[in-house]
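Please examine the sequence and the structure displayed below.

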Amino acid sequence: MPEQTTAQVLTHVSDEAHVKRIWKAFWILLILTVLELGLGLVIYQLDKGDPSPWLILFIKGVITIFTVAKAFYIISIFMHLGDEIRSMMLSLAIPATLFIWFIIAFLADGNSFRNLRNTDAGSRIYIEQKVHHHYVPPVVPAEKSDKKLD
Amino acid sequence: METAVAQAKTKLWTGGKSPFNVSYGKLMMWYFLLSDSFTFGAFLISYGSIRFSQNYWVDHNAVFNSFPGFEANLPLAFVSLMTFILIFSSVTMVLAVHEGHKMNQKGVEKWLFLTILGGLAFLGCQSIEWTHLITHTHPVLVDGVLENWGTTMSHNPWGPHVMFNGAMVATPGPVAFGGYFFGITGFHGFHVTCGVIINIIMFIKTKRGDFQMRGHYEMIEKAGLYWHFVDLVWVFVFLCFYLI
């Protein structure tokens, strides 16, 4: 009889610990999302001025790292992959490393495509034009605007 | 000692038990999700590739700045709500799986029901967002004429602004934006829809006591894996379209 009670207490404790771990992962995900949103709004505010593209790239890099951290928590805690045996994890993790090549190769490809187009395949120099990036409210009212103006 | 370990290792693969210590169904769900992650990955990376090839891309803070019921400029607000809904429904799903481990039918029912509600709420938000994007038009300068364009697969009113008749007016933006946005969020929404249907089937089967009779709730675990994957994909869709 006393043994049974101990066993019950033990399962109860491990059960509580498990639920605690789930909620902890939830709060981590929530905090990371809020941080991402905060940084997103920082970019929004910076874009109103004339920010250094490197600063924007840096903030976007930090957001991406937060996203990867969120993915890690979802996979390891929510999907319980962290509790599976090593060979099972590797059978998923090794194929997934293809993404490293996939992302680098295709973003580089897109970048090269832009350079080729901008310079007519290297035959001229590209001068970057300043475009108005952020939204400027139109002065023309929307309902009048579909008739022809000259 | 070493021979004992080696023997144990060879015995792992000689049949009679799962070498990965998971059931066949669960392992195949994992491999399906791996392949599905490559489908989504291909879509998102192709979007990145096209975006890198353009000199100008849309300003997402200008496109996604509305919240239903509010006139104000609220960048990121509505999509944050959608993200929170999906994260929360992921937690309720993992709690349903946990109750399943304890063979607690009432607990599974409760958390699974909340998960279904979360999924439906997310889909509702997405349909509101799509409707707003498609039907809400913006003035665009097209060949010297002002037109009103909604954001669709073929029209992008979010291009660079130019001076026109003394006012700043948008020009057409890269047309690929609509296709990628509606294509990828639509494919994700399709996954959410499937997830909701699967969860409803699981809910009915739980209610009927099928899993109680079977002696385990592994089907809930498999449905859970799929549901978490949907959340996982959203984390990346959220990153690629709304944050960077």
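## Two residues with positive phi in chain B

B:Met103 lies in the loop that joins H4 to helix H5 (105-135) of chain B. In this predicted model, B:Met103 has a positive phi of about 60°, although the residue is not a glycine. Is B:Met103 buried, partly exposed or exposed? There are 13 other C-beta atoms within 10 Å of B:Met103. A residue counts as exposed at 12 or fewer such atoms and as buried at 20 or more, so B:Met103 is partly exposed.

A positive phi is also found at B:Asp143, a residue other than glycine, where the value is near 50°. B:Asp143 is placed in the loop between strand S1 (138-142) and S2 of chain B. With 6 other C-beta atoms within 10 Å, B:Asp143 is exposed.

## The pair of helices H4 and H5 in chain B

Two packed helices are described by the angle between their axes and the distance between the axes. The axes of H4(B) and H5(B) come within 8 Å, and they cross at roughly 160°. Because an angle over 145 degrees counts as roughly antiparallel, H4(B) is roughly antiparallel to H5(B).

The crossing in which H4(B) passes H5(B) is left-handed. Which classes of residue form the contact of H4(B) with H5(B)? The residues of this contact comprise 16 nonpolar, eight polar and two charged.

## The contact between chains A and B

In the contact between the two chains, 51 residues of chain B meet 56 residues of chain A. On the side of chain B that touches chain A, the elements that give two or more residues are helix H2 (24-52), helix H3 (60-63), helix H4 (77-101), strand S2 (145-149), strand S4 (167-170) and helix H8 (218-243) of chain B. Which element gives the most to this side of chain B? That element is H2(B), with nine residues.

Sorted by class, the side of chain B that touches chain A contains 29 nonpolar, 17 polar and five charged residues.

## The make-up of chain A

How many helices and how many strands does chain A have? Chain A has four helices and zero strands, and its pattern along the sequence reads α-α-α-α.

Of the 150 residues in chain A, 12% are buried. Among the contacts in chain A with a separation of 6 or more, 58% are between residues 24 or more positions apart.

Note on methods. Residues numbered from 1 in each chain as written. Chains lettered and ligands numbered in written order. Predicted model: local features only at pLDDT ≥ 70, side-chain atom pairs only at ≥ 80, totals over all residues. Contact = placed C-beta atoms within 7 Å. Nonpolar A, V, L, I, M, F, W, Y, C, P; charged D, E, K, R; others polar. Axes fitted to C-alpha atoms, helices over the stretch in contact; angles between N-to-C directions. Parallel < 35°, antiparallel > 145°, perpendicular 65-115°, else oblique. Left-handed = near helix turned anticlockwise from the far one by under 90°.
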